[in-house]
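User: Hey, can you walk me through this one? I'd like to start with the annotation and then look at a few side chains.

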Amino acid sequence: MRTVVASNLEGRGIRLHPGTNLTELSKTADGIKVVTDKGDEFIADVVLFATGRAPNSNRLNLEAVGVEVDQIGAIKVDEYSRTSVPNIWAVGDVTNRINLTPVALMEATCFAKTVFGGQTVKPDYKDVPCAVFCIPPLSVVGLSEQEALAEAKNDLLVYTSSFNPMKNSISKRQEKSIMKLVVDAETDKVLGAAMCGPDAAEIMQGIAVALKAGATKATFDSTVGIHPSAAEEFVTMRTLTRRVSPASKPKTNL
């Protein structure tokens with residue numbers, strides 16, 4: 001999936017420098033001179049840093065009441081979002097679990113039901129869909145092939161479909177869409193799904209419901225598609241791309 005994203009970006013004229021860090025920035029008459037740790041130099045109009053975030057907990061004075069945080073300042077919580085102080089709870093990015101807004105909403109809902117609703121509900125982080133809004137976007141839900149292989153007791157069946165979207169045939173843009181399903185060979189359960197292509201996030205939101213409900217590959221195959229649409233590819237992938245055995249997974253992490 002990452003390879004397709006990279007190929008599509010490069011097709012739009014974007015130069016990629018994977019595995020590269022910046023070591024020096026300096027202003028010149030032509031723009032910003034960038035030096036990399038590989039010794040490359042180039043001139044850029046703008047440099048945008050997207051280096052991640054740290055929990056903004058320093059100013060809360062949590063140590064005064066005994067609330068524990070980890071090495072990066074994330075508030076430690078149990079599976080119900082309770083901190084080390086029984087009457088203090090924390091949800092969202094400040095707990096550094098899955099840092100997505102809908103996940104924070106789920107955590108808050110579970111907190112409210114547990115504390116105020118008389119129910120004992122903990123957040124469920126299985127099959128949380130997400131998206132990268134590149135062009136075209138990438139969206140995934142469930143296990144990747146690598147993750148499924150690491151957990152697998154049975155063989156995995158991998159189905160893929162790659163095509164040029166219909167609107168690209170008019171513009172002659174060679175920008176591929178790709179879809180992928182990872183299936184447990186023994187149970188037929190769909191373990192993960194991924195898509196890179198137009199409207200990927202919209203499509204994957206519906207696929208997430210299916211995975212949450214425990215859909216099998218047979219369920220997908222028996223579903224009638226909407227034509228013409230990209231989404232119908234998910235219910236018409238009949239040809240197996242490859243079968244992967246847990247015995248083939250690497251002995252060590254590289």
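User: Which residues does UniProt list for the FAD/NAD(P)-binding domain?
Analyst: The unreviewed UniProt entry gives residues 3–108 for "domain: FAD/NAD(P)-binding". Keep in mind that we're looking at a predicted model.

User: And how much helix and strand is in that span?
Analyst: Residues 3–108 are 16% helix and 16% strand. From end to end, the C-alpha atoms of that stretch are 36 Å apart.

User: Switching to the surface: which residues form a nonpolar patch?
Analyst: Leu-22, Leu-25 and Phe-49 do, and together they have about 290 Å² of accessible area.

User: Where's Phe-49 found, and is Phe-49 buried or exposed?
Analyst: Phe-49 is in the loop that runs between β3 (41–44) and α2 (101–115). Its relative accessible area is 53%, and the cut-off for exposed is over 50%, so Phe-49 counts as exposed.

User: OK, new topic. Where is Arg-238?
Analyst: Arg-238 is also in a loop, the one between α6 (217–221) and β9 (242–244).

User: What is Arg-238 in contact with, leaving aside neighbours within four places in sequence?
Analyst: Tyr-159 and Asp-221.

User: Which backbone oxygens does the side chain of Arg-238 reach?
Analyst: One is the backbone oxygen of Asp-221, at 3.2 Å. The Arg-238 side chain also gets to the backbone oxygen of Val-235, at 2.7 Å.

User: How far apart are Arg-238 and Glu-147 in space?
Analyst: They're 23 Å apart, C-alpha to C-alpha, with a sequence separation of 91 residues.

Key: Residues numbered from 1 in each chain as written. Predicted model: local features only at pLDDT ≥ 70, side-chain atom pairs only at ≥ 80, totals over all residues. Heavy atoms only, no water. UniProt positions renumbered as here; feature names shortened; annotations may be inferred. Helix = DSSP H or I, 4+ residues; strand = E, 2+ residues; numbered from the N terminus. Patch = residues over 30% accessible without salt bridge, like charges linked within 9 Å, V, L, I, M, F, W, Y side chains within 5 Å. Areas by Shrake-Rupley, 256 points an atom, 1.4 Å probe, with all protein chains shown as cover. Salt bridge = Lys/Arg side-chain N within 4 Å of Asp/Glu carboxyl O. Buried < 20%, exposed > 50% of the residue type's maximum accessible area, 1.4 Å probe, protein only. Contact = heavy atoms within 4.5 Å. Polar contact = N/O pair within 3.5 Å; in protein donor to acceptor, adjacent residues only side chain to side chain.
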